[in-house]
Amino acid sequence: MINVIFDMDGTLIDSANAIVCAVNEIRMDLNLTPLDRDFVLKTINTPDQDYAKILYGITQYSHTSFKKGYEKYFLKHYDKSVVLFDGVVEVLDFCKKNDCYLAIATNAPQESLVPILKKHKILSYFDKILGVSYGIEPKPNPMMLNLIIDEAKYKRSIFIGDSLKDKLCAKNAKIDYINVSWQQDIKEEYEANDKNSLMVKIKKFIGE
């Protein structure tokens, strides 16, 4: 048996809707028309962009900083718009049926985790949930993974995430990694793109 550690946002929970809603509410406040969902997500996920200019048509953001203003809108929509990825519950059921130790390691604030997981009715699946708080370093620092591994049930652990920082975190913690790219083309052997391919990869580690 193994310890299966999940990232949260982008892995278990789809926060893309919250981002799009937040951006378009800002645009509404600026008397601009809504932007297409795919355009917003592509822009947000492309580094080194002038986000305020591209998304809001302004060179100076109205808040003290772009991040502060954006987070205000994001937090407002997080509770309304965030959903589980299709198949997440089946994957968690599969892990539990195989007696896996389940945990979450996320860069979201620790105090936000229980309400989010309760809302989506998946809190009870996890033996340990760990987010960023005072003294807990964010990924790709391996601190969260190492803390979970130290008290987990089994010797072998895998980490399931959706980003480069998750991949680097697993590498830094010296554990195996599965990258989830929901409904996207699989480009690497360590990737999964739906519940079935993800369960196949988890099963492989269970059987080793």
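**View 1. The largest nonpolar core of this predicted model has 51 residues.** A nonpolar core is a set of buried Ala, Val, Leu, Ile, Met, Phe, Trp, Tyr and Cys residues joined through side-chain atoms within 4.5 Å. Buried means under 20% relative accessible area, exposed means over 50%, and partly exposed lies in between (1.4 Å probe, protein chains only). Val4, Phe6, Phe126 and Ile202 have the most contacts inside the core. Its largest share, seven residues, comes from helix α1 (residues 16-29). Domain 1 (3-14 + 83-206) and domain 2 (15-81) both contribute residues, so the core lies between them. Apart from neighbours within four places in sequence, Ile202 is in contact (heavy atoms within 4.5 Å) with Ile2, Val4, Val91, Phe94, Cys95, Ile158, Ile160 and Ile178. A second, separate core has 17 residues, including Ala103, Ala152, Cys169 and Ala170.

This is a predicted model, in which local features need pLDDT of at least 70 and side-chain atom pairs count only at pLDDT 80 or more, while totals for chains, interfaces and linings use all residues. Residues are numbered from 1 along each chain as its sequence is written, and side-chain values use heavy atoms, with hydrogens and water left out.

**View 2. Helix α1 is largely enclosed by the rest of the structure, because ten of its 14 residues are buried.** Helices (H or I, at least four residues) and strands (E, at least two) are DSSP runs, numbered from the N terminus. The buried residues of α1 are Ala16, Ala18, Ile19, Val20, Ala22, Val23, Asn24, Glu25, Ile26 and Arg27. From first C-alpha to last, α1 reaches 20 Å, close to the 20 Å expected at 1.5 Å a residue; the expected span is 1.5 Å times one less than the number of residues. Just after α1, Asn31 takes a positive phi of about 60°.

View 3. The domain bounds come from an automatic or database domain assignment. Seven residues of domain 1 are in contact with eight of domain 2, and the C-alpha centres of the two domains lie 27 Å apart. Two salt bridges cross the interface; a salt bridge is a side-chain nitrogen of Lys or Arg within 4 Å of a carboxyl oxygen of Asp or Glu.

**View 4. Asp127 and Lys96 form a salt bridge, with their closest N and O atoms 3.5 Å apart.** Asp127 lies in the loop between α6 (110-119) and β5 (128-132) and Lys96 in helix α5 (residues 88-97), so the pair ties together parts that are 31 residues apart in sequence. Asp127 is partly exposed at 42% relative accessibility, and Lys96 is partly exposed at 32%.

**View 5. Lys139 and Asp166 form a salt bridge, with their closest N and O atoms 2.9 Å apart.** Lys139 lies in the loop between β5 and α7 and Asp166 in helix α8 (residues 164-173), so the pair ties together parts that are 27 residues apart in sequence. Both residues are buried. Asp7, Lys139 and Asp166 are linked in a network of salt bridges.
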